[in-house]
Amino acid sequence: MKTYIVGNWKLNFSVGEASIYLHKLLKALPNYRDVEVVVAPSTLALQPLSLQIDRHKMKLAAQNAFYRDYGAFTGEISFSQLRGLVDYAIVGHSERRYIFGENDKMIQKKVAAAVRNKITPILCIGETESERAFGETRDVIRDQLMGGLSEVGDDGISKVMVAYEPVWAISSTKAAKLASPDEIAEAVKLIREILTEMYGAKVAEKVPVLFGGSVNSSNAGAYLTVPGVNGLLVGGASLILSEFVDIIGVAKRVES
Ligand code: PGA
C-alpha cells in the first residue's frame, strides 16, 4: 500500500498565498510513486490550484462539502460540484463535528455522497479529552466509524480512507498532549477489527488508515512506523513548506 501524506490547511492562506506555496512545493518534490501527497486548501483555492497542480506529484482534497448534489442549500458546495476537481475530501473532521455541529448522520451522508461522486472520503474519527478521561475511547471509535460508514457497501469501501485523530492531540504544542505510538497502535487495531466485522478481513486490510494530531517532521517517523498506520493527516506543520517537505521525505524513507 502507498503511504499517504495529507496536508490540511484549514482556514489559512489566501488564494494567492496558496498558489505560491503550491508552486514551491511542486518544485521541492520529486515524483514519489509510493508516497501519495495530498493538500487540502480552502474551497476557494481549489479551482485555481486544480489548474496549477501536477497530478503525478500531488492530489487535491476538499476540507468539507455538503451531501446533497444540488438544491436550495444556501452557502453550500456539493460533492458533485467538486467531482473532477479533487480526488479526496476530508469528512467529519473534529472541527466540523464540534465547532459546526456535524453529527454522525450528516457525516454518513457526506461519506456516501463523496463515494457516489468518485471522491475518496477521508473519514476522521477520534475521541475528545473528556471521552478519553471517562474511558470511552473504544466506544467513540466504534460509533463514529460504524456511523460514518453505514451507507457504504462492499463496493464503496475500497474508495474510503479513515483518519484516526484523537481530538485532544490536535494542534498540541505540549509534549504531554501528543498521542503515543502505543495508543495509536491500539486504536488502529480496533479500527481494523471493526472494518473486518463490517466488510471482512481481506477488504479491511486494504483500507488506508491515517493518523493525525500534531504531526511534525520530528515525530512523523515514529507515527509512520506504528503497525497499521498508512499515512498522516497533517495540520499546522503542513503550512510550513520545509516541515511538510521533510515529513514527505520521512514517509519516503520509512516506505523504502
Ligand atoms: P494538527 O492538525 O496537525 O495541527 O494537529 C491535524 C488535523 O486537525 O487534521
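How do the residues of the lining of the largest pocket divide into nonpolar, polar and charged? Keep that in mind as you go through these points.

1. This is a predicted model, where local features need pLDDT of at least 70, side-chain atom pairs count only at pLDDT 80 or more, and totals for chains, interfaces and linings use all residues. Residues are numbered from 1 along each chain as its sequence is written, and side-chain values use heavy atoms, with hydrogens and water left out.

2. Now the answer: the lining of the largest pocket has 7 nonpolar, 7 polar and 4 charged residues. Here Ala, Val, Leu, Ile, Met, Phe, Trp, Tyr, Cys and Pro count as nonpolar, Asp, Glu, Lys and Arg as charged, and the others, Gly among them, as polar.

3. So where's the ligand? Look in the second largest pocket; sitting there means that more than half of the ligand's atoms lie within 2 Å of the pocket's grid points. A pocket is an open set of points on a 1 Å grid over the protein atoms alone, where a 1.4 Å probe fits, with protein on both sides within 12 Å along at least five of seven lines; lining residues have an atom within 4 Å of a point.

4. Check the ligand's oxygen atoms next. One is 2.6 Å from an N or O atom in the side chain of H93. On the backbone side, an oxygen atom of the ligand is 2.8 Å from a polar atom of G235, and an N or O atom of G236 also lies 2.8 Å from a ligand oxygen.

5. The shell around the ligand holds 4 nonpolar, 7 polar and 2 charged residues.

Conventions. A polar contact is a pair of N or O atoms within 3.5 Å; within protein, one must be able to donate a hydrogen and the other to accept it, and residues adjacent in sequence count only if both atoms are side-chain atoms.
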